[in-house]
Amino acid sequence: MNRFFAFVKKEFLHIFRDYRTMIILFGMPIAQLLIFGFVISNEIRDAHIAILDHSKDEHTQKITEKLVSSGYFILSDELKNENEIDACFRAGNAKLALVFEPGFGRLLEKTGKANLQIIADASDPNSAEMLSNYTQAIISAYIKDLNMAGYGNKIIRAETRMQFNPGLKGVFMFVPGTMALILMLISAMMTSITIAREKETGTMEVLLISPLRPIQIILGKVAPYLLLSFINAIVILALGFFVFGLPIRGSLILLLAESMLFILMALSLGILISTVAKSQQVAMFISMFALLLPTMLLSGFIFPIENMPVILQYLSAIMPPRWFIVIIKNIMLKGTGFLFVWKETLILTLMAIAFVVVSVKKFKLRLE
Amino acid sequence: MKEQDDKQIIIHVDNLVKKFGDFEANKDLCFDVYKGEIFGFLGANGAGKTTAIKILSGLSSPTSGIVEVAGFDVYKNADDIKRNIGYMSQKFSLYEDLTVKENIRFYGGIYGMRAKLIKERTHELLSRLEMTDYADKLIAEIPLGWKQKLAFSVAVLHRPKIVFLDEPTGGVDPITRRQFWDLIYEAVEDGITVFVTTHYMDEAEYCHRVSIMVDGRIAALDTPDGLKQQYGAGSMNDVFLKLARA
């Protein structure tokens with residue numbers, strides 16, 4: 001046991017002495033979370049819109065006010081004719097234009113039907129879609145108010161309700177995804193690099209000749225990163241909670257236990273990578289390409305799995321982060337208990353066991 | 001080393017064969033190493049020296065044959081062997097980002113030495129190498145020759161019965177090499193058996209007995225003087241050239 005502790009101590013020395021390792025371990029997660037949380041958010045805030053009002057009556061004024069006061073939009077241009085819309089889009093002054101037909105207010109009050117046109121700059125289809133949805137929602141809210149005020153039944157109401165994330169806050173999606181991404185990368189990449197480094201410098205031979213058992217070498221390599229990754233997980237959750245207001249509706253202990261399981265799985269994947277990689281560079285490349293891209297693209301972090309082609313859906317099933325993201329979303333946002341995530345937990349456990357078994361076998365083979 | 005019959009056998013190798021696929025890296029090696037001697041393993045690159053030393057030190061398993069190290073069978077008691085040997089390779093085996101002291105403490109630790117003993121030996125070792133002032137320097141900051149001497153001292157820190165040195169003086173200047181051999185002689189005085197591979201022929205002269213490997217076989221095995229007589233050569237270099245060309 002003393003042998004093992006001497007080894008773990010050495011690993012900590014390596015980590016604390018190398019500022020690059022420290023930056024990757026603690027700087028990267030925080031930076032990434034802040035970037036994803038603040039910059040790459042897909043919620044709408046202060047989008048520029050233009051208005052072409054042929055009617056200029058009480059109703060068009062009120063609708064315009066409602067849009068602007070919602071916080072989603074800023075009125076950048078008041079246009080005079082249709083031709084200006086195109087110019088306005090081209091100049092990038094607005095992403096969306098709203099056109100009220102002549103006599104909008106009169107028609108609305110007399111016939112109960114009035115037309116307005118929403119024109120969005122669809123060169124960026126996602127945000128165009130989102131902007132137009134937001135606009136429609138605000139307009140139908142206005143119509144609803146009118147109806148309540150006794151103007152009689154006017155235009156059909158369309159109500160949408162966003163379950164679990166009423167504000168459609170992007171950060172609710174990004175925190176679980178980022179957490180999976182970071183834990184996966186750090187745990188797997190760092191362990192594979194540190195083991196590959198021993199091989200590269202030749203110290204691995206010395207370790208293998210020493211009375212340390214292979215399993216002790218592996219555990220000794222992994223133990224510091226287990227601790228540090230766990231601290232990372234807590235930092236990420238705390239950032240999500242305090243900075244982004246992400247709720248933790250379910251059990252915190254269950255959440256931490258699941259995080260620990262995921263870290264263990266990622267660490268064993270790192271060991272597996274290190275049994276294949278002969279140098280630090282190779283280990284890094286494998287970690288980056290085999291882990292980073294699939295985690296971003298296939299885990300449901302950015303693109304919904306349901307929308308993927310079937311073959312990619314199958315592929316995403318073997319991505320561990322996919323299951324972890326489901327677990328943390330369930331626990332944090334829906335407040336569900338273990339009964340609702342046992343299947344995903346089981347999958348992660350099996351993956352971890354498989355990685356460990358294969359890498360211990362491979363590690364032994366190296367000794368032959 | 002004249003009265004070899006009284007000598008206690010510490011490494012016993014009989015018909016050792018190591019194959020990598022079809023390639024036979026070690027062909028039918030037979031030799032004994034006696035307690036307290038410096039046994040040299042000579043040969044060109046690719047002659048099978050490193051393969052043999054890896055088998056003896058437990059890094060690799062033989063394909064067939066009998067191999068006993070420090071009285072233990074490599075097939076059955078690999079763990080016992082590990083506790084009784086030290087190892088230093090041509091690839092430098094200390095951690096560059098740890099200090100001299102931390103490296104010593106680490107190796108002592110993984111060989112299960114007690115903290116107090118490690119402290120004592122660290123002190124002793126550093127004063128012997130005249131490196132006491134450098135105890136807290138990172139390995140990366142000290143010259144290669146010193147690293148090499150330090151690596152050797154660390155490999156015998158736990159007083160193993162046998163120390164395996166795989167081309168320990170690669171890339172070191174002749175003066176440092178000479179100092180390095182002084183350390184080896186000191187270890188031998190402490191009763192440690194030294195098994196060393198090298199391709200420097202001048203180093204072969206320092207060994208008590210030398211075996212010369214050619215193409216995975218042991219082509220000759222005797223004392224340096226015995227070999228020179230046998231092949232009518234003036235130096236070990238001539239002996240080696242004669243064997244290699246044969």
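**Cavities and the contact between chains**

Modeller: In chain B, β6 (85–88) and α5 each give at least two residues to the lining of the second largest cavity. This is a predicted model, in which local features need pLDDT of at least 70 and side-chain atom pairs pLDDT 80 or more, while totals for chains, interfaces and linings use all residues. Residues are numbered from 1 along each chain as written, chains are lettered from A and ligands numbered from 1 in written order, and side-chain values use heavy atoms, without hydrogens and water.

Colleague: What makes a residue part of the lining of a cavity?

Modeller: On a 1 Å grid over the protein atoms alone, a cavity is a set of points where a 1.4 Å probe fits but cannot get out, and a lining residue has an atom within 4 Å of a point. V206(A) and H158(B) are among the residues that meet this for the second largest cavity. α5(B) gives the most to that lining, with three residues; helices are DSSP runs of H or I of at least four residues, strands runs of E of at least two, numbered from the N terminus.

Colleague: How many charged residues are in that lining?

Modeller: There are no charged residues, against eight nonpolar and three polar. Asp, Glu, Lys and Arg count as charged, Ala, Val, Leu, Ile, Met, Phe, Trp, Tyr, Cys and Pro as nonpolar, and the others, Gly among them, as polar.

Colleague: Which residues are in contact between the chains, and how many?

Modeller: Contact means heavy atoms within 4.5 Å, and the contact takes 28 residues from chain A and 29 from chain B. The buried area is about 2500 Å², with carbon and sulfur atoms giving 58%. R17(A), V206(A) and I209(A) supply 26% of what chain A buries against chain B, more than any other three residues. Buried area is the accessible area (1.4 Å probe) lost when two parts are put together, summed over both, so the total covers both sides.

Colleague: Why is the pair D97(B) and R197(A) called a salt bridge?

Modeller: A salt bridge needs a side-chain nitrogen of Lys or Arg within 4 Å of a carboxyl oxygen of Asp or Glu. For D97(B) and R197(A) the N to O distance is 3.6 Å, so the pair qualifies.

Colleague: What is the N to O distance between K10(A) and E198(A)?

Modeller: The distance is 2.5 Å, so this pair is a salt bridge too. K10(A) lies in helix α1 and E198(A) in helix α7 of chain A, 188 residues apart, linking distant parts of the chain. Over all chains the count is 24 salt bridges.

Technical notes
1 Å grid on protein atoms, 1.4 Å probe; cavity = no way out; pocket = protein on both sides within 12 Å on 5 of 7 lines; lining within 4 Å.
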